[in-house]
Structures are given as structure tokens and as C-alpha cells.
2 protein chains.
Amino acid sequence: MITPVLLCGGAGTRLWPLSRKGYPKQFAPLVGDESLFQASARRLAGPGFGAPLVVTAGDFRFLVAEQLMQAGVDPGAILIEPSARNTAPAVLVAAMRLAQDDPQALMLVAPSDHVVPDAAAFRAAVAVGVAPAEAGQIVTFGIRPTHAETGYGWLELESEVAEGAPAPLTRFVEKPDAARAARMFASGRYLWNAGIFLATAETLVAAFRAHAPELMAPVAAALDGARPDLGFLRLDAAAWEGARDISVDYAVMERAPNLSVVPFGAGWSDLGGWDAIWREMGPDDRGLAQSGPVTAIDCADSLLRSESDGLELVCIGLRDVVAVAMPDAVLIADRARAQEVRLAVSALRAKGARQADSFARDHRPWGWFETLAREDRFQVKRIVVRPGGILSLQSHMHRAEHWVVVSGTARVTVDGEERLLTENESVYVPLGAVHRLENPGRLPMVLIEVQTGTYLGEDDIIRYEDLYARS
Amino acid sequence: MITPVLLCGGAGTRLWPLSRKGYPKQFAPLVGDESLFQASARRLAGPGFGAPLVVTAGDFRFLVAEQLMQAGVDPGAILIEPSARNTAPAVLVAAMRLAQDDPQALMLVAPSDHVVPDAAAFRAAVAVGVAPAEAGQIVTFGIRPTHAETGYGWLELESEVAEGAPAPLTRFVEKPDAARAARMFASGRYLWNAGIFLATAETLVAAFRAHAPELMAPVAAALDGARPDLGFLRLDAAAWEGARDISVDYAVMERAPNLSVVPFGAGWSDLGGWDAIWREMGPDDRGLAQSGPVTAIDCADSLLRSESDGLELVCIGLRDVVAVAMPDAVLIADRARAQEVRLAVSALRAKGARQADSFARDHRPWGWFETLAREDRFQVKRIVVRPGGILSLQSHMHRAEHWVVVSGTARVTVDGEERLLTENESVYVPLGAVHRLENPGRLPMVLIEVQTGTYLGEDDIIRYEDLYARS
């Protein structure tokens with residue numbers, strides 16, 4: 001039985017505007033209808049696999065739980081990192097947690113933001129790694145390269161790669177320059193490092209003890225001090241702060257002697273940029289990959305995406321362009337330079353544009369909301385509360401709120417008085433009133449909120465009680 | 001005293017998505033803060049000019065009135081064409097209307113969707129035309145060409161063009177092919193036809209009688225049967241239907257012998273496409289013209305526009321691109337092929353996309369509204385009613401409405417009961433209730449409307465009374 005350990009704390013900006021700090025790429029449906037995280041969880045489910053252990057950031061815990069539920073995967077545990085510490089502490093805490101129950105437990109560590117189209121082939125490769133892992137090896141899965149990529153680390157083997165058999169690893173090679181990448185690609189003795197590996201919990205803990213001993217005490221203390229919170233396991237923040245911010249490759253993999261590689265050649269991508277998305281979406285014979293309401297006239301070799309049904313994207317005579325249109329942000333880039341979107345996000349941040357990091361749709365423990373209109377003295381929001389969701393008991397100093405339920409049923413409390421509202425019913429929450437909103441039903445509840453007041457910031461809130469420990 | 005006759009009925013699609021059938025380009029702030037229509041009206045105001053006569057379509061009459069008010073121009077008359085009949089009937093009806101008061105009245109006919117940066121120079125050119133016009137000539141204003149344009153008609157002169165003096169016109173040349181355009185441009189004896197001309201009302205009526213006699217009876221009948229309507233003069237629809245759909249150039253100008261030309265060389269554009277907008281906006285030394293929240297990284301020779309404060313447009317490594325981003329529609333085109341936007345609009349129409357013809361913001365006699373969110377069973381609108389605006393007394397069969405006033409004051413009537421509502425007050429309009437909304441105040445009134453029901457189309461409306469004659 002293998003426990004998948006899914007790492008999904010990170011937040012890249014290379015896929016802006018679809019991936020933002022507040023909603024990183026692993027949760028977005030980038031290729032197909034499922035998110036990368038959901039696809040990762042389902043790839044490592046079924047015979048031979050146990051319930052996954054997920055390591056994520058506090059901001060994403062409800063997203064993780066919701067997406068696993070949608071994907072039909074029951075999580076074993078969801079560990080919450082109090083702050084971002086790169087992959088080494090995350091892998092170590094997962095290994096320590098599993099070792100508590102069974103030191104011989106096999107764990108398969110995988111990022112959750114990669115694409116592996118052939119899940120069966122991948123599970124077959126994992127099966128090949130089981131024997132060496134049980135024998136004390138750390139088995140990495142090396143991707144058979146398709147080109148001389150400079151954006152990945154590489155794995156050097158002793159001899160030519162043979163599919164379907166583990167081979168000893170000579171060493172890790174950091175991201176190479178173009179000339180070196182070309183030599184490695186030509187030689188046939190190198191694979192891409194996908195950051196996926198299989199080992200027993202005990203083997204990994206021992207490797208950390210040998211090669212990154214400074215991580216042992218803070219990570220053990222963070223796990224000891226962890227407290228359960230609504231089904232999540234929240235690591236101790238103070239102890240976690242003391243753990244070094246370092247990747248598992250630097251901390252352990254590049255130093256450990258007991259490494260094997262299983263080559264994998266059935267297709268893989270880390271979707272590290274819009275050019276990779278274009279490739280994975282499968283461009284047609286004109287080189288076009290499209291999604292959403294797009295009208296393309298004589299375009300070629302381009303990625304054209306509209307991310308909203310209500311947003312028509314019209315393209316004429318484009319070549320080698322990436323265009324991603326959302327109602328609050330549009331990216332248009334030369335396809336070869338799509339990596340520079342990181343610079344653009346920095347520029348947006350510098351000028352204070354909300355779109356740099358935040359989505360129009362703001363995910364909360366109880367559901368999500370989005371702003372439909374905002375002016376100086378009023379704001380209109382759509383609020384969606386999932387079944388069972390309960391907003392905090394709260395009041396505002398600067399605004400009154402009008403609520404109109406447009407779908408489902410809400411339980412509303414205003415200054416101690418409780419009412420049930422259904423579709424087409426409304427309630428007024430005066431300035432200063434102590435109020436709460438819940439969805440007691442079995443369907444999502446949708447509410448239109450009209451706020452009026454002199455100050456409309458999210459920080460005008462006094463929380464009296466909060467199911468999600470935010471008060 | 002010259003009466004400007006401003007033609008603004010037409011609706012082009014070459015500047016989609018900013019110009020749509022429901023809000024054509026002359027009303028949009030394309031270059032600077034003023035609309036082209038406003039700039040045209042102000043260009044022909046001041047000493048020597050009387051109040052303008054505007055000929056427009058019924059759909060645009062309130063836009064015309066509002067934009068003239070904003071520009072500080074008092075209209076003499078606004079004639080409403082019951083249907084589009086091209087320019088000849090429009091010019092003839094204006095001439096007949098002015099001749100009723102004074103056959104010797106000088107009228108300057110001008111489209112309202114052109115850019116003339118130097119208004120003083122243009123008025124000076126008009127002054128040059130007064131004497132020949134009073135002597136019975138039709139004086140056209142020919143634009144000194146800056147390149148061998150194939151998109152315009154040309155004017156052939158007897159001899160080389162001399163600025164600032166009227167010259168006899170040999171003939172009109174229809175849109176030429178590239179070779180002919182090049183020859184004309186080189187010869188120095190040709191000007192562009194801008195469709196602007198000066199004559200007395202009597203001269204023009206006589207020219208129509210001589211060269212397009214079939215227009216006389218229907219247009220005269222349409223004017224005879226015209227009825228005043230809230231300050232507009234609405235031509236008789238049945239008579240107008242009988243007028244031939246033909247341009248003033250074909251009907252009269254190409255046949256009249258009494259034509260003179262005054263050359264004009266101080267800058268003009270018909271803004272016939274996004275490439276022209278790019279030129280008129282004055283690209284910087286990288287060839288970039290930008291407006292709205294745009295972040296451009298290493299772009300050149302491109303037009304980059306975001307038409308909404310809440311929409312960030314990010315562009316990387318673009319060359320020769322036109323990009324126009326709106327929350328409901330985005331255009332990205334090779335700059336040399338921006339004219340093909342017409343094909344794209346046809347394609348959008350064919351697939352039934354609302355954005356082909358309609359703006360998110362829908363202008364009505366009393367103000368405007370826009371949809372903020374729309375799902376199967378609910379819709380949220382922002383409704384802005386101008387001071388004095390009154391919506392019809394109406395009811396709906398399939399929807400109830402919740403109204404929340406967020407700015408200004410509303411007078412609301414629901415089933416005979418009248419109330420004043422101000423900021424932060426709300427009212428419920430049940431399904432079937434007979435209701436009316438007015439703005440009795442002196443400031444714009446803004447209201448958020450939440451509709452719920454099984455059918456939410458604009459055509460679910462029974463009108464009992466309507467100030468604007470729509471019931």
C-alpha cells in the first residue's frame with residue numbers, strides 16, 4: 001500500500017492571469033475540466049494506493065478539501081503549513097507523520113501541479129519502484145526528455161536509459177545552459193527531474209537525519225505541536241518558523257547515496273508557462289489551441305483562451321501569440337516570451353493593481369464571493385455559501401448591507417433575531433448590527449449583497465464567533 | 001450665419017468592440033475625452049455658426065441630446081429618421097427644413113464621426129467657401145492627401161491644388177485601386193472626398209430636384225408629416241420608407257455642374273479603422289499608443305487599449321498589434337488587418353453573440369443600465385436614471401424585482417403607492433405589480449436591481465404609460 005503525499009503549497013505567477021497568489025495553478029482547470037490537483041489525486045488513487053496525505057497552505061485548505069470531494073478522493077490527512085518553507089520541511093513532516101503509524105510505510109511524494117496524461121503508465125512505473133524502495137532506496141521517477149530543456153533539473157544515469165527498470169543515479173544536474181542541455185539530450189544518459197519519488201517513511205527520515213539534520217528538531221516540534229482543526233492538521237507555527245526554507249533536492253536528494261531512477265517516457269509536463277499549456281492542450285493543424293468563446297480569423301500557432309462565457313475574444317491574423325482573457329485581466333504575449341509574465345506581475349504589484357495577486361472570485365472556508373460593481377459609496381457582491389457553510393458572527397462600523405437570496409435557502413441572524421430566507425426574499429442589515437449568514441440547506445445558496453457606506457474595505461469587520469477560527 | 005447639419009445616423013462595425021450597432025463610434029470617446037460627435041458639434045459652434053441641425057436615428061436621439069448638453073451646444077433641431085436611408089434623404093430633409101424658414105440659409109453638411117484636430121483652420125476653410133456658396137455653388141471641402149489611400153473617394157481638380165482658394169471640380173473618383181491611388185497622389189491635382197460641403201438650402205434643394213427628383217416627394221411628405229416629440233422632430237415613417245436608400249454623392253454630387261472645392265490640409269481622419277485610431281492617438285517613439293490600465297513590456301508599433309478601469313491589460317513582446325479590451329469583449333488583431341474586424345462581427349452575429357451589436361451598457365431615454373450578473377433564474381442590474389428621467393409605468397409576468405438605491409433619490413410607485421427612496425433604502429416589486437421609477441432630483445440616481453424569476457428577457461414588459469412614446 002502506497003500513501004501518495006501531494007505537495008500543493010506553492011504559488012507561481014507564470015500562468016497569470018489564470019493562476020494568481022490567491023488561487024494558484026494547481027487548483028485551476030488548465031487542461032480539461034479537472035484541476036491539476038484533482039488529476040494528481042485521482043492518478044494516485046485505486047488499487048495499491050492508500051488515502052493521500054496533502055500538505056498545503058492555510059489559505060488553500062478549503063479548496064483542497066472541496067476539490068478532493070469533487071474528485072471523489074477521500075484524504076487521509078491534510079497538513080497545514082503555517083508558512084511557506086519550500087519542499088524539504090513539507091516532505092519531512094509527511095515522512096514523520098507516516099512513520100508514527102508505520103516506519104515501513106511507502107510514500108510517493110509528488111507535486112500537484114504537473115500533467116501526466118497516461119495515469120496507468122505512471123502507476124506501472126511506480127510499481128517498478130516498489131521493490132527498491134522497500135529495500136531502502138529513494139526511487140526517483142525521471143522523465144525521458146523530448147528536447148534540450150533549460151528550465152528543468154536533470155538526472156544523470158550511469159548508462160543509457162532502459163525503460164521500465166530501476167537504474168542507479170550518478171548525480172543531479174541543476175538547470176543547465178543551452179549547450180549543456182543539448183549535450184545531455186543527445187547522450188541518452190539523462191532524464192528530467194520531475195520531483196517525484198518513492199521511499200519508505202523510515203528511509204526518508206533517515207536521509208534527512210544524515211543530510212539535513214538542522215531540519216529534524218523544528219519539523220518534529222511542528223508536528224508534535226500540531227492541532228486538529230475541522231479535519232485539518234495545523235502544524236505549530238512557531239516551531240515551523242524555525243525550519244530552514246530549502247528544497248528537498250538541495251537538502252537531501254543531491255547528497256543521498258541510496259538513489260535509484262525509474263525512467264518514465266509516457267508524457268509529462270510541469271505546465272511551467274503558457275507555452276507549455278499550448279502544447280498540452282493539443283494544438284490543431286494550424287497550431288491553434290482554443291478554449292472558451294473565441295473567434296479566430298486566420299490565426300496560427302497561438303493559444304487563445306477566454307475564461308468566461310460572457311467574454312468574447314476575437315483574434316485576427318495572429319501568429320505565435322498567447323492570449324488569455326478574463327473579465328478583470330487580459331494577457332497578450334509573444335508565445336516565445338510567455339515566461340516574462342512574471343515581470344508583468346511584478347509591474348502590476350508595483351502599481352498596486354489588485355489583479356497581480358487576487359482573483360475576482362475570493363475563496364473562503366464557507367464558499368466564495370465576487371465583486372460585481374464597486375464605486376466610492378457602494379459595492380455589489382455575489383456571495384455563494386456551500387451547504388453547511390457558516391459565515392462568522394460579525395458587524396461593520398461603516399456599512400449597511402442589503403441581502404437578496406436568489407438561489408437556495410439562507411439562515412440569517414440580525415441582532416439576535418433568526419430568519420430563514422429563500423429565493424426572492426431579502427433582509428436589511430443596518431450599520432452596526434451583529435449578523436450572521438448560514439446555508440442550512442443541501443444546495444448552494446446564492447445571495448446578492450448590496451453594501452452602502454463611506455468605507456467598504458474587507459477589514460471593516462468585527463468578528464464575534466467564527467467556525468473557522470478566524471475571530 | 002451658417003447652420004451646421006450634422007449627420008449621425010450610421011453605425012459602422014470597423015471599430016468593434018468599442019463601436020457597436022447600439023452605440024456607434026461617433027458617440028464614443030475614441031481620441032481624448034470627447035466623443036467624435038461632440039467634437040464635431042463644437043468645431044462648428046461659435047461666431048458665424050447657428051444652432052446645429054442634427055439628423056439621427058431614433059435609437060440615438062437621447063444620446064445626441066445628452067452629448068450636446070454635455071458639450072455645451074444648444075441644438076436648433078434634432079430630426080429623427082424612422083429608418084436608415086443613407087445620406088441623400090438626410091441631406092435633402094435638412095435642406096427642405098431650413099428652406100422653410102429661409103431659402104438662402106447657408107448649410108454646412110458634415111458627418112459627425114471624423115477627426116479634425118485643428119478646428120480653427122477648418123473654420124477658416126469654411127469661411128473661404130461662403131462667397132461661392134452664396135453665389136449658388138455647392139462647395140465641397142477636399143482633404144489634401146497624405147498617402148495613396150484606397151479606402152476613400154477622391155476629387156479631381158482642373159489644376160494643381162492651391163490652399164485657401166476655391167477651385168472648380170472636374171469630377172468625383174470612386175474608391176480607386178492601389179495603382180490609381182498612387183497616380184492620383186503623385187499628380188497633385190486630387191484631394192480626398194471627406195463628405196463635407198457648404199451650400200444654400202435653395203441650391204441643394206434645386207440640385208436634388210434636378211438630379212434625384214424621385215427623392216423629392218417622399219422626403220417632402222416625411223417632413224410634412226413630421227411630429228414634434230419631446231424636443232425632437234420625428235419624420236413620418238411611412239413617407240420616409242418610400243425614399244430611395246442612396247448616398248448624397250451618388251444622388252447629387254457626382255452629377256451637379258455647380259461644384260467647387262476648397263482644399264483643406266490641416267489634418268483630418270475618418271477613423272475608419274483601428275489603424276487610423278492608432279495614428280490619431282499619436283504613437284510614442286516606440287510606436288505605442290495606449291489608453292486605460294495597460295502594462296506593456298517591450299511592445300512596439302501597437303495600439304493597446306483597456307476601456308475599463310477594472311480591467312488590466314498586460315502585453316509582452318508584441319509588434320504591430322491592435323488590442324482593445326472590454327469586460328465583455330476583447331479584440332486582438334494584426335494592425336495591418338484591423339479592417340477585418342467586420343468579418344469577425346459577422347461571425348459573432350452568426351453564432352448569436354450579444355456582443356456583436358449590443359453594448360453591456362444599454363442607453364435608454366431616461367438614462368442607462370447594465371447587467372452585472374445573469375444566471376438562469378436571476379439577474380443583477382445597475383440602473384442609472386438621469387435627473388428628470390421617468391421609466392414607463394409597467395409590469396412583468398415572470399419576474400419580481402428588488403431595488404436598492406445606492407446614490408441619489410428615487411420616486412417609486414408600486415401598485416398606486418408612491419414613495420421617495422434615498423441612498424441605502426430599498427423596495428420590493430412583486431411579480432405582476434404595476435410600478436414606475438423616476439428620478440425627481442437634481443443628481444443622477446443609481447439603483448441596484450435584483451430580478452428573480454423564470455424568464456428575465458427585456459421583452460417581458462407591459463407598458464401602461466410612457467413619457468417617451470414607447471407604450
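How many salt bridges does the rule find across the interface of chain A and chain B? The answer is eight, where a salt bridge is a side-chain nitrogen of Lys or Arg within 4 Å of a carboxyl oxygen of Asp or Glu.

A word on the ground rules. This is a predicted model, in which local features need pLDDT of at least 70 and side-chain atom pairs count only at pLDDT 80 or more, while totals for chains, interfaces and linings use all residues. Residues are numbered from 1 along each chain as its sequence is written, chains are lettered from A and ligands numbered from 1 in the order in which they are written, and side-chain values use heavy atoms, with hydrogens and water left out.

**Where the chains meet**

One of those salt bridges links A:Arg377 to B:Glu423, with 2.7 Å between the closest N and O atoms. Strand E17 of chain A (residues 329–334) gives the most to the side of chain A that touches chain B, namely six residues. (Strands, of at least two residues in state E, and helices, of at least four in state H or I, are DSSP runs numbered from the N terminus.) Sort that side of chain A by residue type and you get 37 nonpolar, eight polar and twelve charged; here Ala, Val, Leu, Ile, Met, Phe, Trp, Tyr, Cys and Pro count as nonpolar, Asp, Glu, Lys and Arg as charged, and the others, Gly among them, as polar.

As for the overall tally, 57 residues of chain A are in contact (heavy atoms within 4.5 Å) with 56 residues of chain B. The area buried between the two chains is about 4,500 Å², and carbon and sulfur atoms give 61% of it. Buried area here is the accessible area (1.4 Å probe) that two parts lose on being put together, summed over both.

Pairing takes at least two DSSP bridges between the strands. Within E15(B), B:Leu313 is the bridge partner of A:Val330.

**Chain A on its own**

Chain A has eleven helices and 28 strands. Its radius of gyration, taken over C-alpha atoms, is 24 Å, close to the 23 Å from the globule rule (2.2 Å times the number of residues to the power 0.38) for 471 residues, so chain A is as compact as a globular protein of that length. The C-alpha trace spans about 75 × 60 × 40 Å along its principal axes.

| Cis bond | Omega | Loop holding the proline |
|---|---|---|
| A:Trp16 to A:Pro17 | near 10 degrees | between E1 (2–8) and H1 (36–43) of chain A |
| B:Trp16 to B:Pro17 | about 10 degrees | between E1 (2–8) and H1 (36–43) of chain B |
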